[in-house]
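Let's walk through this model together, one question at a time. Have the sequence and the 3D view open as you read.

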Amino acid sequence: MVTTHNLGFPRIGARRELKFAQEAFWKGQITEEELQITGADLRRKHWHSQRNLDRVPVGDFSFYDQVLDMSFTLGNLPERVSKSGGSALERYFRVARGRSGQESSCCGVQAGEMTKWFDTNYHYIVPEFQQDTRFQLNADRLIEQINEARAQGLTPKPVIIGPVTYLWLGKSKDDSDRLTLLDSLLPVYSELLDLMSNHGIDWVQVDEPALVADLDADWRHAFSLAYHHLKTSRLKLLVTTYFGELRENLQLACELPVAGLHLDAISAPQEVARIVDWLPPHKQLSLGVINGRNIWRTDLGKTLDWLEQIHEKLGDRLWLAPSCSLLHVPADLNSEEQLDPEIRGWLAFALQKLDELAILATALNQGRNAVRKELAESALATESRKTSERVHNPSIETQIQAIRPDLGQRQSPYSERITAQQQKLDLPLFPTTTIGSFPQTRDIRQARLQFRKGALTEAAYRQRIREEVSRCIDEQEVLGLDVLVHGEAERNDMVEYFGEQLEGYAFSQFGWVQSYGSRCVKPPILFGDISRPRAMTLEWTRYAQSLTEKPVKGMLTGPVTILNWSFVRDDQPRRDTCLQLALAIREEVLDLEAAGVGIIQIDEAALREGLPLRKSDWAGYLDWAIEAFRIAANGVSDGTQIHTHMCYSEFNDIIKAIARMDADVITIETSRSDMELLDAFRGFEYPNDIGPGVYDIHSPNIPAKEQIKALMAKASERIPAERLWVNPDCGLKTRQWEEVLPALKSMVAAARDLRGSIQ
């Protein structure tokens, strides 16, 4: 019989229950005990939803981030936090966000660095290491959840991050070699496995997604060392890989002394046959046959066509699962009562993906006739989507084929453009600005909700937004910022807002996905060819500019980020979809310029996110991603200044590609990394202006003026002062006004001091 299991389940709750409980705890509105009760309730609901699986994941639930959970399980806390006192959960949140709850700024600490989880839109807290780092087991959280699952009559399969991937994900704070810590780390893992065995566990899922990345000989050897050390455990280990192909690591993965191996058959379909042949006959093979990262229904008949042959060969050795954790998709499609019925029929969220998994398992165990109705429904949905006129627009295809190379070229090089821009804008040295959004208050969100429900007229809603735009302009004028923004009060999300105004998109009501901590996004569903029927931002930008003599940036989301932060169609190359988006954004850019907007920011926060995990694949992606940005941005005159923004992007290794974007100004995240990201500029002379983020907006901590000046001093060691901007590291949407105003005041004061020190 085929065994079914799941690698992880969405933890925020179908109605974002975890988010609201987290934020209530941070505000002091509920106690730690009440937060823990919410967590336990969610776990019970999620396990109940997975009760038909042969094995349910345990330990995938987290109050913030699963990598941070592993750091606490291993006793690897930064010294600044371990000495801070309070409960374990309070210390946990201090690592995550600088403060646990309503602590004064003096009690805050520097939050842990945050970066992308492989090539997804999920962020994790980077483990910190030093040469003298020591590990000590604290498995209370995991054991508690094992007992909870068993109390529900379920067969728990604990989920942990493997030792090599854990080291690979982290960062050495003293430039020591992380791999030297493996010898001291492995005994703690052995202790953890023994403890779980003592609690009746027989299988453990050990996530080692680093196996799908480029590994040198030392890291490959570390895998062999680690699992030869752990093979003495009484437990059966399922080493789990996902998000990509194993390639040169395939034989290594197959030969690890473990009981089973999981392969992402969605990302690496061509490796399935090789794995089947390579894997020793005493090992289980888990195949991820349902896409855990996108929301399209599986073509079950087509999947069975190749899966039946493997089942015939492997028999009971075959396990079935989604390709990766379902953390990356919404919880339940049944909640979507307002979604277009035709498009809804093409979709599957987390619960529906588990239903698909059960259908495949039943077909393999009992024959296709046992699920004849379900397979017929799957075939109809596949054919409907394939032939729908709503998906394919011949005129858009014609526009893509007509794209010429000169469409992405500026009129003059940066060295000439900057002179025209300086004359036009007349900005001081170290110009100050923000990344675009200002706090989205409860009043704004309520007004948007009332408008959507029909309880607020369009005229009343628009007046409310005009008032908020006016407030944002007034606050920025008082602060003394040099380049202003309208604040984006009208926008629900930087991608969803644009998708709502483009043809080819659909939207869910409750399709929330966790990005980090309590931050959730609702990715729009890009189902068809893209076109722009009307201007999307012009009205609000023009209104904001009418309120001030200072320049107001036009704020757009770039084509690559819209692509990477959508549930994107899988029936054509991503490049083609991205170029469609680029043409739509280009039209908006040209409309803004025609309206007199002198600075236009086109955010590409997710450029790095779409980068393939293997360096050998980078060039192809970067070529079309940069082409798309240039097509969107470069139709303007020399005097129009183009900005772009990238957040939490380790881009030292793609700095030359970023320079090819030829944006006049780029703003980046550097505050949590203490300007480490600017190391890229030691060996590469970046040609254009740059704004290194000096205010960490993902933490409630308020930076002091001297702290900002110190960061800018580090930046000036790498970038000439005349090409430096001063700005936060990301948008201010998720922060509160009482945090934002003093932080920006410090930022403006720091910029003025810097000007004085140079003049």
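Buried means under 20% relative accessible area, exposed over 50%, and partly exposed in between, with a 1.4 Å probe and protein chains only. This is a predicted model, in which local features need pLDDT of at least 70 and side-chain atom pairs count only at pLDDT 80 or more, while totals for chains, interfaces and linings use all residues. Residues are numbered from 1 along each chain as its sequence is written, and side-chain values use heavy atoms, with hydrogens and water left out. Helices (H or I, at least four residues) and strands (E, at least two) are DSSP runs numbered from the N terminus.

Q: Is helix 5 largely enclosed or largely open, and how many of its residues are buried?
A: The buried residues of helix 5 are Leu89, Tyr92, Phe93, Arg94, Val95, Ala96 and Arg97. Helix 5 spans residues 88-97 and is largely enclosed by the rest of the structure, because the buried count is 7 of 10.

Q: Which elements do the buried residues of helix 5 pack against?
A: Contact here means heavy atoms within 4.5 Å. The partners of these buried residues are helix 1 (17-26), helix 2 (32-49), helix 3 (66-73), helix 4 (79-82) and strand 4 (123-125).

Q: What is the strand order of the parallel sheet?
A: Two strands pair if DSSP finds at least two bridges between them. This open sheet has 8 strands with parallel pairing, in the order 1-12-11-10-9-8-6-2.

Q: Why is one side of strand 1 and of strand 2 left without a neighbour in the sheet?
A: Strand 1 (3-4) and strand 2 (56-58) stand at the edges of the sheet. One side of each is left without a neighbour because each has a single partner strand.

Q: What angle does the direction of helix 6 make with that of strand 6?
A: Helix 6 (residues 140-151) packs on the sheet, touching strand 2 and strand 6 (156-161). Axes are lines fitted to C-alpha atoms, for helices over the stretch in contact, and angles between N-to-C directions run from 0 to 180 degrees. For this helix and strand 6, the angle is about 155°.

Q: Is Phe243 buried or exposed?
A: Most residues other than glycine have a negative phi. Phe243 is not a glycine, yet has a positive phi of about 80°, and it lies in the loop between strand 9 and helix 10 (250-255). With a relative accessibility of 6%, Phe243 counts as buried.

Q: What is the relative accessibility of Arg247?
A: Arg247 is also found in the loop between strand 9 and helix 10, and its phi is positive, near 50°. Arg247 counts as partly exposed, because its relative accessibility is 27%.

Q: Which residues that line the largest cavity are the closest to its centre?
A: A cavity is a set of points on a 1 Å grid over the protein atoms alone where a 1.4 Å probe fits but cannot get out, and lining residues have an atom within 4 Å of a point. The largest cavity is lined by 35 residues, and strand 17 gives the most to the lining, with 3 residues. The closest to the centre are Met494, Arg519, Trp565, Cys730 and Gly731.

Terms used:
On a 1 Å grid over the protein atoms alone, a cavity is a set of points where a 1.4 Å probe fits but cannot get out, and a pocket is an open set with protein on both sides within 12 Å along at least five of seven lines; lining residues have an atom within 4 Å of a point.
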